[in-house]
Structures are given as structure tokens and as C-alpha cells.
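Got the viewer open and a cartoon on screen? Follow along and I'll tell you what to select at each stop.

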Amino acid sequence: MRIDSNLIQSHNDKTLPDHRESFGHLSRSLERKTLDSGSIIRKIQDFQIAIPSWALGTGGTRFGRFPGGGEPRSLEEKMDDVGLLHALNRASGAISLHIPWDIPSDVSAIQAHAASHGLLFDAVNSNTFQDQPDQKHSYKFGSLCHSSADVRKQAIDHNLEVIRYGEALGSKSLTVWLADGSSFPGQMNFRKALQRTLDSLKEIYAGMPEDWKLFVEYKPYEPYFYSTVIQDWGTSHLLASQLGDRAFTLVDLGHHLPNTNIEQIVATLMMQGKLGGFHFNDSKFGDDDLTVGAMKPYQLFLIFNELVEGMEDSGSKNPAPAWMIDASHNLKDPLEDLLQSVEAIQLAYAQALLIDREALEEAREANDPTLAQEILQEAFRTDVRPLVAEARLQAGGAINPIGVFRDKQVRKELIKERGAKALSTGL
Ligand SMILES: [Mn+2]
């Protein structure tokens with residue numbers, strides 16, 4: 001299914017007068033603060049957030065899964081879903097594939113299909129946290145860190161194969177997230193496990209094309225509960241530093257213990273030029289996979305404050321990070337959830353662009369925490385929804401993406417097309 005641009009246009013026409021009024025009001029108030037809404041809008045439009053192929057189906061918990069129907073059954077249908085999102089918000093112009101769930105059977109047909117939706121291929125992801133039916137060795141006790149060289153080789157070869165698929169499609173990066181770890185004290189030799197992981201990653205790094213980046217993701221717990229080999233940003237940074245210039249840390253918002261100061265991690269990595277990628281989601285407890293901004297929009301804003309400072313610093317050695325949503329919860333329509341997530345990211349980004357950085361630096365230099373808070377919250381409490389809607393409108397998207405999605409009964413159409421029991425591959 002595709003959404004015709006005339007449909008979006010006609011939906012926009014209905015809300016245009018209201019939108020014009022609120023946007024006019026906001027842009028005049030920004031102008032009084034010498035902020036140019038035009039340049040902010042261009043930045044919002046340039047900020048594209050990749051959609052992972054595994055977020056398009058209803059996620060599950062270890063207790064159950066409650067699919068809503070009409071889920072994509074193939075890579076083509078996954079691209080169709082991302083195409084739908086992109087048509088509505090003009091900000092989801094890339095898809096991130098997980099191998100072996102998304103092995104392309106006909107590369108040029110898949111490329112043509114992506115191009116017809118205006119989609120690029122973002123980072124490819126390897127999977128050594130599950131055993132595949134035709135696989136010789138099990139990952140039950142780890143993959144790149146495994147005590148057996150044969151298991152490690154199998155995991156390395158899988159990553160190299162993922163790179164080859166990505167290369168064929170036009171991806172430029174590989175994300176490695178390892179489930180590797182242990183559930184019981186004494187089970188694993190930490191030093192050996194980390195050394196083996198580094199040695200395995202070196203082989204993968206050496207197998208990447210010259211213009212590729214390797215993103216090393218970290219996570220403090222789960223699926224193992226006593227230790228994970230790459231437990232935190234420091235371990236990831238250590239590995240990335242030893243691997244080379246094209247290896248970076250990837251920050252996933254859900255992969256932190258409660259109350260971790262993620263914004264400070266972002267700043268530290270950017271100072272080192274080692275923040276490579278970002279996975280957005282939200283959580284109350286851990287890796288909850290909740291909609292971005294559903295729980296902690298202020299934290300998201302504070303993270304964007306650091307991201308914007310790092311990105312706008314002309315002296316920064318950090319390359320432009322790769323942005324992706326990594327969430328797949330089990331209650332909402334996955335496409336509505338993704339529309340909300342993208343919008344939450346854009347809102348936090350837009351708010352961070354409003355921060356008076358000069359005044360903030362002055363307040364910091366003068367050790368004035370009261371004023372620093374005033375400056376940050378002045379930006380955070382600005383309702384930038386009309387700005388983000390205007391960015392979408394000017395790019396040919398919908399003023400109200402979820403409004404169009406519901407009015408046009410997109411899910412009902414997808415169920416009609418794919419069936420009520422269509423299940424997406426993934427988690
Ligand atoms: Mn992730």
C-alpha cells in the first residue's frame with residue numbers, strides 16, 4: 001500500500017488554517033529572540049531517522065506477543081511500511097536491516113524498490129544472539145567471546161557475510177550488538193572474554209570496505225543477568241579505540257541502568273570523536289522499547305542539547321552520527337508508534353536548536369546554575385510542534401501524520417492486503 005500525495009494534501013488542507021495561525025505565532029516569537037525559523041526548519045528536514053526492519057511488527061515480551069495484523073511478511077513489505085512512514089513525515093528516509101531476517105533475494109529489485117520510496121539503506125545489523133536452523137555451532141554460551149575458536153569463527157564469518165549483503169545494497173556501516181555474557185558468577189573469565197571479543201572484532205573490522213564504519217553497541221544486562229561482555233560505553237569505547245578510526249560507540253537509550261546520565265556519556269564520546277550511532281527509544285526500567293519521549297522527554301531534550309552542541313561545534317572531530325529508532329513494543333500499532341517516536345525526536349532536536357548557547361555558556365562561566373536552568377527550560381518549554389509540522393508540510397508530508405494514518409484507515413488496508421495473521425520476522 002502507498003499513500004497518495006494528493007490524499008496527504010487534502011488532509012493538510014483541512015488543518016491548514018489552524019496550522020498557519022500557530023506557526024505564524026511561533027515564528028514571530030522566535031524572531032523576537034533573533035531565531036530564524038527557516039534555518040531551523042531546514043535542519044529538522046535534514047535530520048533523517050532510520051527505521052529498523054524489526055520495529056514494523058508488534059514486539060513481544062518473553063511472556064507473549066499480541067500481533068495486530070497486517071504486519072509486513074517480506075523485505076519488500078517492510079520497505080513499503082517505511083515508505084508509508086516517510087511519505088507521512090518525510091523524516092524516515094532510511095531502513096536498517098537485520099541479517100538473517102532480511103536477506104535480499106534480488107539485490108537490484110530491492111534497491112529499485114527502496115528508491116521508489118525514496119529510501120536509503122542505513123547500518124546493517126548482525127545476529128549472533130539466536131541460533132539459526134542451518135547453523136553448525138550454538139551461541140548459547142556466547143559468540144564473538146566464546147571459549148571455542150570454531151564458534152567465534154562462525155560468528156565472525158556471519159558478520160562478514162552481513163557486510164557483504166550491506167555492501168551490495170549500499171549500506172555504509174555495520175552495527176554489532178552482542179548478547180554475549182554470563183548469568184552466574186564464576187561462569188566466565190572476564191579478561192579472556194573481552195580479549196576474545198576484541199580479537200574477533202578486529203577480524204570483522206579488517207573485513208569492512210574502506211568507507212565503512214563499525215558501531216559497537218553496549219548493554220549492561222539481558223539476556224544474561226550477571227555480566228555482559230560489552231556492558232557500558234567505556235567498554236565499547238575501549239574496543240572502538242583499539243579497533244581503529246572507523247570504529248565507534250553506539251548509544252542505545254534503553255541500554256543503561258536507571259538514572260544513568262546519558263547526556264554526559266554523549267558529551268564524553270563526542271569529545272573523543274567516538275560517537276558513531278544512536279538508537280532512540282524510551283524506558284522506565286531498562287530496555288523497555290517504549291515510544292521515544294513517552295517517559296522522559298526532558299532527558300531526551302538534555303541529550304539533544306549535547307548532540308547539538310557537538311554537531312554545531314566546527315572544531316569537533318566527531319563525524320555526523322547515524323540516527324535510528326530501536327524499539328518494538330507490544331501494545332501500539334507499530335507504525336503509529338514509529339510516527340510518534342520520530343516526532344518526539346524532532347521535537348527534542350528543534351527545542352535543542354532554540355537554546356541560547358552564548359547565554360548558556362556565559363551562565364556556566366559565571367557559575368550561575370539558576371540562569372543556566374532558566375535558559376535550558378526556556379527552550380524546552382517552547383511548544384515547537386508547529387515548527388516540526390511546518391518542516392513536514394514544506395517537505396510534502398502531513399501536518400498531522402497520525403491523523404492521516406487513522407483517517408485513511410491505513411492499518412485496515414494493510415490487514416486487507418496482508419491478512420489478519422500476517423507476522424513480521426524479528427523479535
Ligand atoms: Mn539498539
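At what angle do the axes of helix α5 (residues 149-169) and helix α6 (residues 190-206) cross, and within what distance do they come? Select both helices: the axes cross at roughly 35° and come within 9 Å. Keep in mind while you look around that this is a predicted model. Turn the view until α5 passes over α6, and you'll be looking at a right-handed crossing.

Now show side chains where the two meet. On the α5 side, pick Arg152, Ala155, Ile156, Asn159 and Leu160; on the α6 side, pick Arg196, Ser200, Glu203 and Ile204. Colour that contact by class and you get four nonpolar, two polar and three charged residues.

**Next stop: the sheet**

As a reminder, strands of a sheet pair through backbone hydrogen bonds, either parallel or antiparallel. Here there is an open sheet of six strands, paired in parallel, and you can walk across it in the order β4-β5-β7-β9-β10-β11. Look at the two ends of that walk: β4 and β11 (322-325) are the edges, each with a single partner strand, so one side of each has no neighbour in the sheet.

Zoom in on the β4 end. Strand β4 (residues 124-125) pairs with β5 in the parallel sense over two bridges. Select Val124 and you'll find Leu174 of β5 opposite; select Asn125 and its bridge partner in β5 is Thr175.

Then bring back helix α7 (residues 233-243). This helix lies across β7 (213-217) and β9 (247-252), and runs at about 160° to β9.

**Last stop: another helix pair**

Select helix α9 (residues 297-312) and helix α10 (residues 334-353). Their axes are 8 Å apart and the helices pack at an angle of about 55°, so α9 and α10 are oblique to each other. The crossing of α9 and α10 is right-handed.

To see who is touching whom, show Pro297, Leu300, Phe301, Phe304, Asn305 and Val308 from α9, then Ala344, Ala348, Tyr349, Gln351, Ala352 and Leu353 from α10. Colour these by class too: the contact of α9 with α10 has ten nonpolar and two polar residues, with no charged ones.

Note on methods
Residues numbered from 1 in each chain as written. Predicted model: local features only at pLDDT ≥ 70, side-chain atom pairs only at ≥ 80, totals over all residues. Axes fitted to C-alpha atoms, helices over the stretch in contact; angles between N-to-C directions. Helix = DSSP H or I, 4+ residues; strand = E, 2+ residues; numbered from the N terminus. Parallel < 35°, antiparallel > 145°, perpendicular 65-115°, else oblique. Left-handed = near helix turned anticlockwise from the far one by under 90°. Contact = placed C-beta atoms within 7 Å. Nonpolar A, V, L, I, M, F, W, Y, C, P; charged D, E, K, R; others polar. Pairing = 2+ DSSP bridges.
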